[in-house]
Amino acid sequence: MATRPVDFRCGHDGLAALVEPIFGLDPFSGAAFVFRAKRADRIKILVWDQTGLVLIHKRLEGCKFVWPQVRNGVMVMSAVQFSALFSGLDWMLIRAERQRPPQLAG
């Protein structure tokens with residue numbers, strides 16, 4: 001997830017061109033890249049699905065997405081956090097429970 005807003009007039013190619021400078025990754029890696037607008041009610045998600053670039057644009061009605069403090073850089077999210085963000089929930093409240101190895105085998 002890019003923590004700074006991007007120009008939401010950008011489409012597939014414009015956002016793909018931003019992936020390398022913002023994320024330091026290849027836009028064709030298969031990762032989902034989340035971009036935010038200045039207004040916190042819109043996101044765009046860019047994904048390469050092995051056949052083409054997929055662009056998802058979502059606008060929340062009557063509320064805003066929960067965003068971390070705006071600063072340079074990116075954040076990595078778990079699949080559960082991403083699902084919460086996409087649903088308009090406060091994804092920052094989701095914490096994975098620490099996994100502990102079993103005490104006994106079998």
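**Figure 1. Helix 2 and the glycine that comes after it.** In this predicted model, helix 2 is followed by G88, a residue whose phi is positive, near 85°. Within the helix itself, which covers residues 79-86, the residues Q81, A84 and L85 are buried. These three lie on the same side of helix 2, because the arc that they cover around the axis is only 100°. On the other side of helix 2 the view shows A79 and V80, which are exposed. What do the buried residues of helix 2 pack against? Their packing partner is strand 1, made up of residues 33-36.

**Figure 2. Strand 1 and the directions of its side chains.** In a regular strand, side chains alternate between the two faces of the sheet. In strand 1, F33 and F35 point one way, while V34 and R36 point the other way. Whichever way they point, all four of these residues, F33, V34, F35 and R36, are buried. This is also the strand against which the buried residues of helix 2 pack.

Figure 3. How many bridges join strand 2 to strand 3? Seven bridges hold this pair, and the strands run antiparallel. One of the pairings that can be followed in this view brings together I45 and I56, the latter being the bridge partner in strand 3. Four residues lie between the strands of the hairpin, in which Q50 takes a positive phi near 80°. The loop between strand 2 and strand 3, the latter formed by residues 53-59, also contains G52. G52 counts as buried, because its relative accessibility is 18%, and buried here means under 20%. The C-alpha atom of G52 is separated by 27 Å from that of F65, although these residues are 13 residues apart along the chain.

**Figure 4. A lysine, K44, in strand 2.** K44 has its place in strand 2, the element formed by residues 42-48. Is K44 buried or exposed, and which side chain of opposite charge is nearest to it? K44 is buried, yet it has no salt bridge, and the nearest side chain of opposite charge, that of D7, is 7.6 Å away. That separation rules out a salt bridge between the two, because a salt bridge needs a side-chain nitrogen within 4 Å of a carboxyl oxygen. A polar atom of the K44 side chain does, however, lie 2.9 Å from the backbone oxygen of F8. When its neighbours within four places in sequence are left aside, K44 is in contact with F8, C10 and L15, with F33, V34 and F35, and with L55, I56 and H57.

**Figure 5. The salt bridges of the structure.** The structure holds three salt bridges. In one of them the side chains of D7 and R9 meet, with a distance of 2.8 Å from N to O. D7 counts as partly exposed, because its relative accessibility is 36%, whereas R9 counts as exposed at 76%. Another salt bridge is formed by D41 with R42, where the closest N and O atoms are 3.6 Å apart. Here D41 counts as buried at 14% relative accessibility, and R42 is likewise buried, with a relative accessible area of 17%. In a further salt bridge the side chains of E61 and R59 meet at 2.9 Å, N to O, and both of these residues are exposed.

**Figure 6. The chain that holds these close-ups.** Two helices and three strands are present in the chain, and along the sequence they follow the pattern α-β-β-β-α. The C-alpha trace spans about 55 × 35 × 25 Å along its principal axes. Of the 106 residues of the chain, 33% count as buried. Among the contacts in the chain with a separation of 6 or more, 50% are between residues 24 or more positions apart.

Conventions:
Residues are numbered from 1 along each chain as its sequence is written. This is a predicted model: local features need pLDDT of at least 70, side-chain atom pairs count only at pLDDT 80 or more; totals for chains, interfaces and linings use all residues. Side-chain values use heavy atoms; hydrogens and water are left out. Buried means under 20% relative accessible area, exposed over 50%, partly exposed in between (1.4 Å probe, protein chains only). Lys and Arg count as positive and Asp and Glu as negative; His and the chain ends are not counted. A polar contact is a pair of N or O atoms within 3.5 Å; within protein, one must be able to donate a hydrogen and the other to accept it, and residues adjacent in sequence count only if both atoms are side-chain atoms. Contact means heavy atoms within 4.5 Å. The arc is that of the directions from the helix axis to the C-beta atoms. Two strands pair if DSSP finds at least two bridges between them.
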